[in-house]
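Here is a quick tour for anyone meeting this structure for the first time. Have a look at it, then read on.

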Amino acid sequence: MRMLKNTLILPVDDPDLAAQQLGAAIGDLHVVLMLVFGKGAEIEQIIDWADQLADKGDFGLGNLRRVVWIREREAGPVGETIRGIKGAETIDEDTVVAVLNFHDVIKVTLRQGDVIDPIELEIAFAAGGQP
Amino acid sequence: MRQCCFAVCTLLLFAGPFAAGAEDLPQVTFKSGDAVLQTTGRDAVELEIDSLLKIELDREALFHDVAALSGASGGSELLARIQFLERAIPPVVLAQQKLIETRVAAAELSAEEMKLQDRSAPAAQARLQALTARLESLNSNLSTAVLSALVPLRNFRTSDPELYKNLNNAVLGKDYTRLAEVLRDRIQQLDQDLVRAIAEGPKVGVLVTATLVDSTGKQTALHLEGYDTIAVGNPTPFPRFRLAPDERTRTELDAATKLAPLVNTLINERDSAFQQAVDELKATLKSLPEKLGLDEQIQSLEELAKSLEDSGEQALQPFAERVRSIKDHLASISGAQIPDSTNIVEVVEAIQGLTDDLLNLREELPATIAQLQAELITALGTTLPEIATQAKKTLGDLRSGLLANSKALRTFRDQITDAIKALRVTGELANAAEAATRRAKELNVGVPLDTSLDLQTVAAERHPGDLLHVGVQVEHIEQAGGKSTPLIQGRQTFRLEKYGWWAETRGALLLVDPRGEIERDVAYQPVPGLGYHWHYGFKGRPFLNHDLAFGLGLSLALLDFQDKDDFELGIAASATILRDIFWVGYGRNLQAKSNFFYVGVNPLTLAELFRR
């Protein structure tokens with residue numbers, strides 16, 4: 001995998017720190033946030049694409065797009081933070097990607113079985129960037 | 001061989017209507033001069049014997065019928081692709097426009113940062129907050145535009161996996177330029193696709209023939225411009241189908257013709273939203289010198305150079321030149337000419353030079369100034385303290401200002417550079433659409449199907465009453481060199497008419513009966529005769545003209561009323577009936593000086609009568 005510029009990888013060995021970092025990322029109102037859940041080669045590919053697509057939010061004054069990779073969603077504090085997001089009821093164990101808009105509301109989710117490719121991810125980012 | 005070929009074609013054409021049910025030719029208009037002839041299917045229509053017969057085919061109706069009969073109506077893969085491009089171009093141009101607007105806002109924000117050195121001041125804060133809010137708002141609009149551009153692309157996942165793969169790769173680029181480039185490449189590929197569609201695609205073959213049939217039944221093929229070739233020295237026309245792209249191919253060409261106007265409306269029109277975005281870009285660039293305070297810097301540098309010149313020290317003259325060189329660099333940015341044109345290529349070229357100057361301003365100028373400052377202070381030493389102070393302030397302020405604004409300058413330049421990329425690719429998109437439309441227009445030049453027949457110049461003897469058959473056959477050819485299927489066949493017959501008085505010379509067998517005293521005992525003597533008869537052609541009276549066909553005139557006959565003369569010539573007033581078959585007359589034997597009466601018959605036309 002290429003070096004990730006726009007992706008926050010949550011630690012798996014420190015749930016509290018992971019939850020804290022996730023909370024801070026969600027709290028940043030100036031970004032469209034893409035959460036990617038899980039592990040494995042397919043997820044890594046999605047992370048790689050999402051990280052590249054996040055470059056499109058860079059207008060030289062801080063990136064308007066960001067990616068968070070949540071490898072262990074079941075971890076207690078992280079799960080609690082996720083459940084606190086507006087629209088979190090759309091996230092379940094099959095969710096692979098969730099995009100939050102500037103107001104931290106989930107706008108798009110992509111699930112296992114959905115086609116997930118760069119175009120779909122860009123559509124998800126763009127949907128998250130809408131008013 | 002050619003005659004045989006023509007005969008077969010003619011036979012097929014004539015046999016067609018009767019074998020497969022006679023078909024009228026509603027798609028064909030016949031004109032004599034400019035007057036439209038009212039045709040009625042199989043019924044022969046009168047045609048003036050010396051007229052110019054124009055045969056005009058209604059291309060649209062004909063090709064539409066062919067499409068319906070061949071089942072080749074409806075869409076094609078190429079048409080679907082062109083129609084997709086038609087739909088895809090507006091949202092992609094909109095996305096590029098929103099991208100330019102967002103980049104310009106970001107550039108403006110960074111330029112504002114350069115201007116507001118003290119960012120903690122309340123006014124500066126408010127201004128920056130407003131610009132940041134604007135940037136976020138524009139980014140939201142950009143997202144909406146991107147959504148409308150990308151969602152339709154999903155269709156290609158199954159319909160054109162190769163294109164979808166390219167789009168997937170392109171969307172990963174830093175901005176949407178590569179995506180627009182894929183679209184541009186697709187439009188460029190259209191050029192080849194259209195050429196191939198014309199060369200290899202389905203065609204409609206049209207054949208028109210004309211055959212003159214005289215009163216004896218003799219058939220003569222006539223030359224029709226464009227529908228046959230006549231070999232040198234051989235007057236026989238060789239029939240030839242005219243091939244034209246079928247309706248589906250022409251629909252493809254028509255669709256491609258619409259691309260350029262569509263793109264021009266979106267991009268090049270002065271009051272288009274895209275041009276407004278370009279105007280914003282121009283305005284931001286024009287305001288840059290003021291935000292950087294370049295005019296004050298230029299003035300200070302000029303004053304320093306003048307001080308160095310006025311010092312009278314030869315050693316300081318090169319420094320004056322170096323100061324002016326820096327001043328010129330700033331002046332090139334300050335005085336950059338940005339054209340007021342709507343031509344995107346022109347604008348891009350002008351702005352491109354400016355971004356290069358900006359790069360130099362940030363990357364090289366601070367070091368150049370530092371070196372000049374150090375060397376100048378050393379050269380001045382303690383001899384000219386006032387100039388030394390002026391140099392330290394002018395060069396020092398300029399350098400520190402550039403360094404302080406280095407990040408903002410970089411952001412400004414990057415955003416402008418990216419905006420130019422979006423502008424350039426949109427211009428290329430417009431050029432590709434223009435090229436595709438031009439090509440489509442070139443290829444869509446309709447093969448002329450109309451033809452004409454000038455009866456005055458036909459290479460055949462013609463008489464009133466002769467018949468002219470015009471046959472039309474239309475076939476569909478699935479692909480170049482492929483099987484052709486005849487779909488429409490029909491013919492129209494014309495009867496040649498000469499209106500008013502006209503004369504004709506014919507021969508006959510006369511039975512001459514003397515009506516005076518002669519030496520020999522003669523009654524109804526059979527002799528050859530030659531008649532010169534006038535006929536009158538009535539309009540719309542074929543029975544009178546060609547069946548009764550009265551004639552009046554003079555006839556000559558070689559007679560033998562007396563033994564003493566070897567040559568006896570009879571001259572008589574003559575009348576004929578039934579197309580000069582039966583003759584009757586009364587005249588005088590010039591040598592025997594005796595009148596005579598005769599009845600006659602033309603055995604050839606009599607035989608023809610029975611044949612008919």
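## Where chain B meets chain A

Let's start with the contact itself: chain B puts in 31 residues and chain A puts in 25 residues. Keep in mind that this is a predicted model. About 2,400 Å² gets buried between chain B and chain A, and 63% of that lies on carbon and sulfur atoms. On the chain B side, B:E136, B:L147 and B:L172 together supply 23% of the area that chain B buries against chain A, more than any other three residues.

In a salt bridge, the side chain of B:R154 meets that of A:E120, at 2.7 Å from N to O.

Four helices of chain B each give two or more residues to the side that touches chain A:

| Helix of chain B | Residues |
|---|---|
| α3 | 77-115 |
| α4 | 122-150 |
| α6 | 161-171 |
| α16 | 406-443 |

The largest share, 10 residues, comes from α4(B). By type, the chain B residues that touch chain A split into 14 nonpolar, nine polar and eight charged.

## A stop at B:Q219

Now for a spot in chain B: B:Q219 sits in strand β6, which covers residues 219-222 of chain B. Leaving aside residues up to four places away in sequence, B:Q219 touches B:T211, B:L212 and B:V213. B:A460 is 241 residues from B:Q219 in sequence, with 9.8 Å between their C-alpha atoms in space.

Definitions and conventions:
Residues numbered from 1 in each chain as written. Chains lettered and ligands numbered in written order. Predicted model: local features only at pLDDT ≥ 70, side-chain atom pairs only at ≥ 80, totals over all residues. Heavy atoms only, no water. Contact = heavy atoms within 4.5 Å. Buried area = accessible area lost by both parts, 1.4 Å probe. Salt bridge = Lys/Arg side-chain N within 4 Å of Asp/Glu carboxyl O. Nonpolar A, V, L, I, M, F, W, Y, C, P; charged D, E, K, R; others polar.
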